Amino acid sequence: MQTENNPGSPVEPSDTGTIPAVGRSRRKDSLDAVDRTILSALRANARIPYADLARLVGLSGPSVADRVKRLEQLGVITGYHAALAPSALGLGVVAIVGIEQADDADQDAIAESFPDLQEIEDCWFVAGDESFIVKVRVADIDALEKSLGRLRKIPGVSRTHTTVVLSTRFEGRAALPLEGD
């Protein structure tokens, strides 16, 4: 903004009586109802046009674009991807595998081996009897048996505990914090 007397000088919102731009006066980590609606819509369809988002939340397209950019900069939105249908790719078996490490094993060395097994879809380092929980997705039970054999051969892995998934009710859902949290 510029003043009449000094056309190049910036003006503070408090000097003009205007309201600060959306997002500038809020704590950077707080999400309001508009942010939550935008995130829900993007979660359902990451390719939704800003014009459609704008109509959904009652803002202009540029305002929505600014909010999305801010959410990306804050690390709330970490990327956009194509959702694939595993069964259409011939990957019909899912298993959750708990991995126990040997007492003298190095957890980082074990974890460095996991990317070599492309059937591992997710990996978590956890507290409890197991050191790691991994989600394995393969074509069939024979492929699962081979994958488990490869996991057990990783130096430092003492044993595995496998749960075969019978059906999936939902997955890949990132929870939004409850309003007011």
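1. The crossing of helices H2 and H3 is right-handed. This is a predicted model. H2 covers residues 33–44 and H3 covers residues 50–57. Their axes come within 10 Å. The crossing angle is roughly 135 degrees. That angle makes H2 oblique to H3, because only angles over 145 degrees count as roughly antiparallel.

2. Next, the residues at this helix contact. H2 contributes Val34, Thr37, Ile38, Ala41 and Leu42. From H3 come Leu53, Leu56 and Val57. By class, seven of the contact residues are nonpolar and one is polar. None is charged.

3. Now strand S1, residues 93–101. How many of the nine residues of S1 are buried? Eight are. The strand is therefore largely enclosed by the rest of the structure. Buried here means under 20% relative accessible area.

4. S1 has strand partners to check. One is S3, residues 132–138. Seven bridges join S1 to S3, and the two strands run antiparallel. Another is S4, residues 157–165. S1 and S4 pair over eight bridges, also in the antiparallel sense.

5. In S3, Val94 stands opposite Arg137. In S4, the bridge partner of Val94 is Val165. As background for viewing side chains here: in a regular strand they alternate between the two faces of the sheet.

Conventions:
Residues numbered from 1 in each chain as written. Predicted model: local features only at pLDDT ≥ 70, side-chain atom pairs only at ≥ 80, totals over all residues. Heavy atoms only, no water. Axes fitted to C-alpha atoms, helices over the stretch in contact; angles between N-to-C directions. Helix = DSSP H or I, 4+ residues; strand = E, 2+ residues; numbered from the N terminus. Parallel < 35°, antiparallel > 145°, perpendicular 65-115°, else oblique. Left-handed = near helix turned anticlockwise from the far one by under 90°. Contact = heavy atoms within 4.5 Å. Nonpolar A, V, L, I, M, F, W, Y, C, P; charged D, E, K, R; others polar. Buried < 20%, exposed > 50% of the residue type's maximum accessible area, 1.4 Å probe, protein only. Pairing = 2+ DSSP bridges.
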